[in-house]
Amino acid sequence: MSTLLVAILSFLGYLIAYHTYGRFLAKKIFNLDPAEPVPSRELQDNIDFVPTNRHVLFGHHFTSIAGTGPIVGPAIAVMWGWLPALLWVIFGCIFVGAVHDFAALVLSVRNQGHTLGDLAGEVVSPAAKRIFLLILAFVLVILIAVFANVIAVIFDLYPQAVIPVWTSLPLAIILGLVTRKLHVKLLIPSLCSLFLLYYLIYAGTTWIPPL
């Protein structure tokens, strides 16, 4: 089976899951209402609470879920073959990762943007909040360490990746400034940034010879 076919089938699986399982969670479990007030509008201060374009939010949440689990998990699973890695990426994201992040997001939105640590303090006890926040801090330290290790290994194996990775952050900042400060619509700057990022990937492979 070709890689392109696997990618297409995986995309179709995500699309079907979004419109079936995702819709079931939204309506039957979380009872979402488009008219429900959200913290970005209720508490708007243009610093921590800012109404944002839904496409920007989608991109943010998409990159947020693409963390250690979806990245490191398949890398480990592939040691046992392509099938475990593929099953992890598809079914793990649909039934575990996406549901977890979806639930955390809904709980936060319905509680003035509070974190799960704050909610633990309100629902359980102040001691539970302190323990939960301590665990979160510990997990984040481990997460950053794992990412640093993975990125270091990738840079060591593929130095061509340094250029696009290092330029993606300033590129994102420039994109944000252009759309928010200059009030330019999102589509054209996003396409330009995407084209430039792909060019930088090509440039990295051209300017830096493989090891």
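Which residues form a nonpolar patch on the surface, and how much accessible area do they have together?

Guide: This is a predicted model. The patch consists of Leu4, Leu5, Ile8, Leu9, Phe11, Leu12 and Leu15. Together these residues have about 660 Å² of accessible area. Take Ile8 as the example. Ile8 sits in helix H1, which spans residues 3-19. Its relative accessibility is 42%. Buried means under 20% and exposed means over 50%, so Ile8 counts as partly exposed. A patch member needs over 30% relative accessible area, and Ile8 has 42%.

Now step back to the chain around helix H1. The secondary structure comes to 10 helices and zero strands. Read from the N terminus, the order of elements is α-α-α-α-α-α-α-α-α-α. The C-alpha atoms fill a box of roughly 55 × 50 × 35 Å along the principal axes.

Next, contacts. Consider those between residues at least 6 apart in sequence: 57% of them join residues at least 24 apart.

Then burial and surface. The protein chain has 211 residues, and 18% of them are buried. Its accessible surface comes to about 15600 Å². Carbon and sulfur atoms account for 75% of that surface. The nonpolar patch with Ile8 is on the surface too.

Last, charge. The chain carries 11 positive and 9 negative side chains. The centres of these two sets lie 9 Å apart.

Conventions:
Residues are numbered from 1 along each chain as its sequence is written. This is a predicted model: local features need pLDDT of at least 70, side-chain atom pairs count only at pLDDT 80 or more; totals for chains, interfaces and linings use all residues. Side-chain values use heavy atoms; hydrogens and water are left out. Patches are made of residues with over 30% relative accessible area and no salt bridge: like charges are joined within 9 Å, nonpolar side chains (Val, Leu, Ile, Met, Phe, Trp, Tyr) within 5 Å. Accessible areas come from the Shrake-Rupley method with a 1.4 Å probe; for residues, only the protein chains shown count as cover. A salt bridge is a side-chain nitrogen of Lys or Arg within 4 Å of a carboxyl oxygen of Asp or Glu. Helices (H or I, at least four residues) and strands (E, at least two) are DSSP runs, numbered from the N terminus. Buried means under 20% relative accessible area, exposed over 50%, partly exposed in between (1.4 Å probe, protein chains only). Contact means heavy atoms within 4.5 Å. Lys and Arg count as positive and Asp and Glu as negative; His and the chain ends are not counted. The place of a charge is taken as NZ of Lys, CZ of Arg, CG of Asp or CD of Glu.
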